[in-house]
Amino acid sequence: MTLDPGAAALRIALPNKGSLSQAASDMLREAGYRQRRDTKELTLTDPENSVEFFYLRPRDIAVYVGEGTLDVGITGRDLLLDSGAKAEEAMELGFGGSRFRFAARPGTAASVADLAGLRIATSYAGVVGAHLERHGVPASVIRLDGAVESSIQLGVADVIADVVETGSTLRAAGLEIFGEEILRSEAVLITRSGHLPEGFEVFRRRLEGVIVARTYVMMDYDIPQERVETAVRLTPGIETPTISPLQREGWVAVRAMVPRAGSQRMMDDLWDAGAKAILVTEINACRL
Ligand SMILES: Nc1ncnc2c1ncn2[C@@H]1O[C@H](COP(=O)(O)OP(=O)(O)OP(=O)(O)O)[C@@H](O)[C@H]1O
Ligand SMILES: O=P(O)(O)OC[C@H]1O[C@H](OP(=O)(O)OP(=O)(O)O)[C@H](O)[C@@H]1O
Ligand SMILES: [Mg+2]
């Protein structure tokens with residue numbers, strides 16, 4: 001199938017700044033789309049692929065997509081939920097991972113139940129409000145734009161709820177996380193709830209191809225015919241491995257996609273099983 005350059009362009013919202021911006025652009029470039037060269041550019045048209053990109057604040061992306069102004073977006077799951085927009089997750093993208101946690105000075109609280117009557121500062125008032133309501137805990141939520149860790153020292157709040165990645169910001173502020181994880185987030189592809197726009201499936205499949213190419217490597221090796229069953233058990237591939245005859249009597253060549261993580265260990269196991277000439281190569285792109 002070729003894309004019709006005359007077809008209506010798929011309108012895609014991408015993060016213009018912040019933690020998700022560079023990784024989102026990198027993923028799109030790997031998927032064969034044009035991307036802006038200058039971070040000041042607000043829109044970019046890619047007529048060859050019938051798409052148009054709009055670089056927006058990640059917090060606003062779910063709003064544009066939920067309203068139907070734009071067709072598709074990339075944002076964080078936490079921002080999608082916080083927005084309350086009528087948009088839904090279509091696919092996890094495997095980057096921008098974070099946890100959303102409560103934190104406070106040691107001894108302040110041990111669980112969400114201890115928050116009753118306390119002041120909680122956060123940039124994610126929607127997520128926190130919903131969490132408190134689910135647990136039936138009456139606490140006041142103070143909405144701040146950022147640097148929420150400072151709100152406790154400054155006397156504005158008793159507790160914060162914020163994104164935690166490495167935990168170093170919390171440590172520097174003398175705060176400790178407590179209670180259960182509120183949310184685990186990562187970058188996600190979103191669409192308007194219940195609506196898949198035209199051209200979406202091609203876009204989704206291209207991103208999926210990038211994720212698979214990042215997650216898997218191609219493994220090739222030679223092995224004696226009588227050991228082939230062991231080999232296939234070790235490297236079953238995604239559907240089934242390719243097995244080809246070799247010039248050398250009694251030997252076959254095997255080719256299979258294997259998860260990148262653990263591929264070195266798999267080479268050791270294959271070697272122990274009698275495999276030779278074991279090669280691992282990158283997958284640049286794929287459609288499964
Ligand atoms: N270390 C991190 N800090 C903040 N957000 C992060 C981090 N790692 C991943 N994220 C995710 O990035 C999204 C927030 O992006 P956003 O651009 O709004 O904030 P930011 O990265 O903190 O940038 P800024 O504070 O400059 O606005 C959320 O989905 C969040 O889960
Ligand atoms: O666990 P860490 O690795 O320390 O990362 C988490 C911190 O990073 C973000 O802050 P950011 O630098 O975006 O500043 P902000 O609070 O002003 O948004 C987030 O709000 C946390 O403060
Ligand atoms: Mg921030």
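Let's start at ligand 1. Helix 2 (58-67) and helix 3 (77-83) each put at least two residues into the shell around ligand 1. Keep in mind that this is a predicted model.

Who comes nearest? The shell around ligand 1 has 16 residues, and G18, S19, G76, S98 and E165 come nearest. By class, that shell holds five nonpolar, seven polar and four charged residues. Now look at where these residues come from. Domain 1 (10-95 + 186-198) gives at least three residues to the shell, and domain 2 (98-184) also gives at least three.

Take G18 from that list. G18 sits in the loop between strand 1 and helix 1. For a sense of distance, go from G18 to I243. These two are 225 residues apart in sequence, and their C-alpha atoms are 46 Å apart in space.

On to ligand 2. The residues around ligand 2 are G146, A147, E149, D162, V163, V164, E165, T166, G167, S168 and T169. E165 is in this shell, and E165 is also one of the residues that come nearest in the shell around ligand 1. Strand 9 (159-164) and helix 6 (168-172) each supply at least two residues around ligand 2. Which element gives the largest share? Strand 9 does, with three residues. By class, the shell around ligand 2 splits into three nonpolar, five polar and three charged residues.

Now the whole chain. The protein has nine helices and 15 strands. Its radius of gyration is 24 Å, well over the 19 Å that the globule rule gives for 288 residues, so the protein is more spread out than a compact globule. The C-alpha trace spans about 80 × 55 × 35 Å along the principal axes.

How is the protein divided? The division is into domain 1 (10-95 + 186-198), domain 2 (98-184) and domain 3 (217-282). Note that domain 1 is written as two segments, 10-95 and 186-198. The centres of domain 1 and domain 3, taken over C-alpha atoms, are separated by 39 Å.

Two numbers on packing. Of the 288 residues, 34% count as buried. Take contacts between residues at least 6 apart in sequence: 68% of them join residues at least 24 apart.

In soluble globular proteins, nonpolar side chains tend to be buried together. Here the largest nonpolar core has 33 residues, and I12, A13, A62 and V65 have the most contacts inside it. Which elements give two or more residues to this core? They are strand 1 (10-15), helix 1 (21-30), strand 3 (51-56), helix 2, strand 4 (72-76), helix 3, strand 11 (187-192) and helix 7 (200-215). Helix 2 gives the most, with five residues.

V65 is found in helix 2. Why does V65 count as buried? V65 has 32 other C-beta atoms within 10 Å, and 20 or more is enough to count as buried. Leaving out residues up to four places away in sequence, V65 touches A13, L70, V72, G73, A85, A87, I190, T191 and R192. By contrast, take A121, 56 residues from V65 along the chain: their C-alpha atoms are separated by 28 Å.

Then I12. With the same exclusion, I12 touches V51, E52, F53, F54, L70, D71, V72 and G73. L70, V72 and G73 are in the list for I12 and also in the list for V65.

Last, two backbone points to check on the screen. S50 has phi near 50°, a positive value in a residue other than glycine. S50 is found in the loop between strand 2 (43-46) and strand 3. S50 is partly exposed, with 19 other C-beta atoms within 10 Å.

The other one is A277. Phi of A277 is also near 50°, again positive and again not in a glycine. Where does A277 lie? A277 is in strand 15, residues 276-282. A277 is exposed, with 11 other C-beta atoms within 10 Å.

That's the tour.

Note on methods: Residues numbered from 1 in each chain as written. Chains lettered and ligands numbered in written order. Predicted model: local features only at pLDDT ≥ 70, side-chain atom pairs only at ≥ 80, totals over all residues. Near = placed C-beta within 6 Å. Helix = DSSP H or I, 4+ residues; strand = E, 2+ residues; numbered from the N terminus. Nonpolar A, V, L, I, M, F, W, Y, C, P; charged D, E, K, R; others polar. Domains from an automatic or database assignment. Rg over C-alpha atoms; globule rule 2.2 N^0.38 Å. Buried ≥ 20, exposed ≤ 12 C-beta atoms within 10 Å, placed from the backbone. Contact = placed C-beta atoms within 7 Å. Core = buried A, V, L, I, M, F, W, Y, C linked by C-beta atoms within 7 Å.
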